[in-house]
Amino acid sequence: MKKVLIVLLTPFFLFATHGATKIRDSEKARDTNLKVLTHEYLSGTLIEVKGPFTMVDPTTDKKITSSFFKRRFYLSPTPEGLKWGKVYKGIHQFQIIPKHKDTTFLIDGIQYSGTLAAYDIASKIFLVVEVDVDTYLKSVLSEKFALKDVHQTALEAVAIAMRTDLYQKISASTNPFWDLKATDHGFHGTSLFTINNAAEKAVSSTKDLIMVYHNRPFATTWTEDCAGKTTSYKTIFRKDAPGPEGVLVPYAQKTRNHHTWKCSLSKKELAKMLELNAIESIEPYSCPTTQKIYGLKINGRNLSFRELTFLDFQRIVGAGRIQSNDFTIKLIDKRIEFRGYGKGPGVGICLLSAEELAKDGKSTASLLGTFYPDTKIIKLEFIPQVFFSEEDKDSEE
């Protein structure tokens with residue numbers, strides 16, 4: 001089994017092994033703050049800033065106003081400019097930058113930290129929170145694992161995998177305003193990480209650690225139970241995202257028949273969900289090596305049909321019903337029966353197996369090596385220019 005190599009290097013020369021690209025501190029392109037679209041297409045919203053702040057116009061970097069006191073106003077677009085307490089004429093976007101580390105803001109009662117940007121786009125409000133990657137991770141992982149007792153080593157592996165994914169999202173982003181949406185990972189503010197100290201500890205203990213594949217961070221995720229096999233991110237998410245291939249997972253394979261699920265729907269109910277006149281047949285599109293389903297074509301009457309990715313299909317039907325993408329489909333009279341194995345998209349770390357490996361004393365690096373062959377772990381405090389460029393992509397030896 002191939003193992004992940006941990007390379008703890010300074011920011012001056014990060015890829016010093018295998019004759020790979022050297023990254024100098026002077027080549028720094030961006031810090032590791034993440035721009036998250038939290039709200040979109042709003043007619044208006046209540047925003048309260050708790051603590052000293054400065055408001056600036058991001059188009060000119062000029063200060064609009066500042067305050068040492070709490071401010072709470074309804075934000076709305078007007079033809080003259082954004083209104084927040086008063087109309088800022090000619091200003092259709094602004095940033096609220098904290099003057100103190102303890103400054104926070106509430107958007108409709110949900111607490112955030114970091115920098116807040118507000119944009120008037122076609123008379124609708126878009127809000128973007130800029131927060132450091134680790135604060136984002138603590139919030140997301142604390143909520144995901146709030147009611148679960150997960151081994152600390154497994155949590156650390158998940159934290160590194162998610163940080164790797166976020167670094168990739170930052171370096172691949174082509175949107176000048178945000179890198180991803182809050183709905184991508186279920187980000188609900190920055191006060192939630194206090195509900196799970198284990199998740200907070202896992203993020204802190206792996207600070208600045210990411211994986212690289214061919215000297216680049218890559219898109220990935222984790223799955224609760226892969227049912228014996230994982231597949232690549234690009235196969236399931238249908239994106240041109242280079243990364244390691246899937247692997248066989250013996251423990252999950254051994255327990256495959258103990259983790260089954262079944263969902264039975266009437267054809268009429270599913271047709272209504274999918275806005276079709278009827279359900280005549282369903283054609284799954286699957287990975288030839290793992291049989292994980294990445295898409296479906298649902299045929300109705302009179303040549304009507306819908307083609308959906310597995311993720312969209314699961315979102316429409318419900319993750320509680322369609323628990324994984326490892327399933328079979330049977331049309332029986334007026335009903336459709338789905339029978340499947342495992343839970344989750346079958347990509348990245350299989351948490352069920354990672355837990356067992358961690359209990360057997362495997363290290364965080366060993367866990368990552370199990371699920372991500374041909375990768376290395378590095379310590380990286382910023383996003384270098386080379387990650388943003390398609391040039392000079394060295395292959396791993």
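1. Gln168 touches Pro217, Phe218 and Ala219, leaving aside residues up to four places away in sequence. The model is a predicted one. Gln168 sits in helix H2, which spans residues 152-172. Is Gln168 buried or exposed? Its relative accessibility is 17%. Buried means under 20%, so Gln168 counts as buried.

2. H2 also matters for the pocket count. Of the elements lining the largest pocket, H2 gives the most, with six residues. Other elements supply at least two residues each: strand E15 (180-181), strand E17 (222-223), helix H4 (233-237), helix H7 (310-317) and helix H10 (385-388).

3. How many residues line the largest pocket? The lining has 50 residues. Asp184, Thr220, Thr221, Tyr233 and Phe237 are the ones nearest the pocket centre. The volume of this pocket is about 1700 Å³.

4. The largest cavity holds about 110 Å³ of space. Its lining is made of 18 residues. Nearest its centre lie Thr231, Ser232, Tyr233, Pro244 and Tyr372.

5. Which classes make up the cavity lining? Nine of the residues lining the largest cavity are nonpolar, seven are polar and two are charged.

6. Helix H9 covers residues 364-371. Why is H9 described as largely enclosed by the rest of the structure? Seven of its eight residues are buried, so the helix is largely enclosed. The buried set is Thr364, Ala365, Leu367, Leu368, Gly369, Thr370 and Phe371.

7. Now the chain as a whole. It has 10 helices and 26 strands. There are 397 residues, and buried ones make up 51% of them. The accessible surface comes to about 19200 Å². Carbon and sulfur atoms account for 50% of that surface.

8. Last, contact range. Take contacts between residues at least 6 apart in sequence: 68% of these join residues at least 24 apart.

Note on methods: Residues are numbered from 1 along each chain as its sequence is written. This is a predicted model: local features need pLDDT of at least 70, side-chain atom pairs count only at pLDDT 80 or more; totals for chains, interfaces and linings use all residues. Side-chain values use heavy atoms; hydrogens and water are left out. Helices (H or I, at least four residues) and strands (E, at least two) are DSSP runs, numbered from the N terminus. Buried means under 20% relative accessible area, exposed over 50%, partly exposed in between (1.4 Å probe, protein chains only). Contact means heavy atoms within 4.5 Å. On a 1 Å grid over the protein atoms alone, a cavity is a set of points where a 1.4 Å probe fits but cannot get out, and a pocket is an open set with protein on both sides within 12 Å along at least five of seven lines; lining residues have an atom within 4 Å of a point. Grid points are joined across faces, edges and corners, and a volume is the space filled by probe spheres set on the points. Ala, Val, Leu, Ile, Met, Phe, Trp, Tyr, Cys and Pro count as nonpolar, Asp, Glu, Lys and Arg as charged, and the others, Gly among them, as polar. Accessible areas come from the Shrake-Rupley method with a 1.4 Å probe; for residues, only the protein chains shown count as cover.
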